[in-house]
Amino acid sequence: MSHTTQTVFSQAVGLPPNYEKTQEEHEVAILGGTQGPVPATSTVINIRSDIAVPDHVVWSLFNTIFMNTCCLGFIAFAYSIKSRDRKMVGDVIGAQSYASTAKCLNVSALVLSIALTISLIIVFSFTSVQLSKAIYDSQGH
């Protein structure tokens, strides 16, 4: 088959003009198989992408031990463990959901603990100043 015949044949079938038959397609055409192009078969391979989902376990553990205001640190730790379990199973959406909840709880525990600490410092310092004034005045000064 000359190049001109092949170009006309490939345009009639709907193939690109630069298409050249492989040896297998030529043998199939001679043996009486399909006359058009070989139907394309495709294989889909799902590759799991390792999306890094932070589970905030260390932060939750720190809040559980040191800043466990209203047990928020402990609850955040439980959600962090759930997030890690979901990540191990392969449920990325569930892991992200639990991690988001753990993050919100950790932020809440941190803010409440810092606010409570600052308010206690203010109350104790104000009380100690008032107490020292009362002792000073009671001594007759």
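Which side chains meet in a salt bridge at 2.8 Å, N to O? Select Arg84 and Asp55 and you have the pair.

A word on the model before we move on. This is a predicted model in which local features need pLDDT of at least 70 and side-chain atom pairs count only at pLDDT 80 or more, while totals for chains, interfaces and linings use all residues. Residues are numbered from 1 along each chain as its sequence is written, and side-chain values use heavy atoms, with hydrogens and water left out.

**Stop 1: the salt bridges**

Stay with Arg84 and Asp55. A salt bridge here is a side-chain nitrogen of Lys or Arg within 4 Å of a carboxyl oxygen of Asp or Glu, and the structure holds three of them. The side chains of Arg84 and Asp55 meet at 2.8 Å, N to O. That pair links distant parts of the chain, with Arg84 in helix H4 and Asp55 in the loop between H2 and H3, 29 residues apart. Helices (H or I, at least four residues) and strands (E, at least two) are DSSP runs, numbered from the N terminus.

Colour by accessibility if you can. Buried means under 20% relative accessible area, exposed over 50%, and partly exposed in between (1.4 Å probe, protein chains only). Asp55 counts as buried at 10%, and Arg84 as partly exposed at 36%.

Lys87 is partly exposed at 31% relative accessibility.

Next, pick Arg86 and Asp91, another salt bridge, whose closest N and O atoms are 3.5 Å apart. Both ends are partly exposed: Arg86 at 30%, Asp91 at 27%.

**Stop 2**

His56 is not a glycine, yet its phi is positive, at about 60 degrees. You'll find His56 in the loop between helix H2 (23-31) and helix H3 (57-66).

**Stop 3: aromatic pairs**

Show the rings next. A pair of aromatic rings is described by the distance of the centres and the angle of the planes. Rings of Phe, Tyr and Trp (its six-membered ring) pair if their centres lie within 6.5 Å; planes under 30 degrees apart count as stacked, over 60 as edge-to-face and the rest as tilted. A search of the whole structure finds two aromatic pairs.

Select Phe62 and Phe66: this pair is tilted, 5.1 Å centre to centre with 45 degrees between the planes. Phe62 and Phe66 are four residues apart in helix H3, so about one helical turn separates them. Phe62 is partly exposed at 38%, whereas Phe66 is exposed at 60%.

Then go to Tyr79 and Tyr98. Their ring centres are 5.8 Å apart and the planes are at 45 degrees, so this pair is tilted. Tyr79 is in helix H4 and Tyr98 in helix H5 (residues 92-138), 19 residues apart, so to speak a link between distant parts of the chain. Tyr79 and Tyr98 are each partly exposed, with 27% relative accessible area.

The charged end of Lys82 sits over the ring of Tyr79, 5.3 Å from its centre; the rule asks for NZ of Lys or CZ of Arg within 6 Å of the ring centre and within 35 degrees of the ring normal.

**Stop 4: the cysteines**

Which cysteine sulfur is closest to that of Cys70? The sulfur in Cys71 is, but at 7.6 Å it is too far for a bond. A disulfide is a pair of cysteine sulfur atoms within 2.5 Å, and by this rule the count is zero. Cys70 is exposed at 62%, while Cys71 is partly exposed at 45%. Cys104 is partly exposed at 48%.

Look at the backbone of Cys71 as well: phi is near 60 degrees, a positive value in a residue other than glycine. Cys71 is found in the loop between H3 and helix H4 (72-89).

**Stop 5: the annotated stretches**

Finally, select 57-79 and 104-126, where UniProt places the feature "transmembrane region" in an unreviewed entry. UniProt positions are given in the numbering used here, feature names are shortened, and annotations may be inferred rather than shown by experiment. Over residues 57-79 the chain is 78% helix and 0% strand, with the end C-alpha atoms 9 Å apart. Over residues 104-126 the chain is 100% helix and 0% strand, and the end C-alpha atoms are 33 Å apart.
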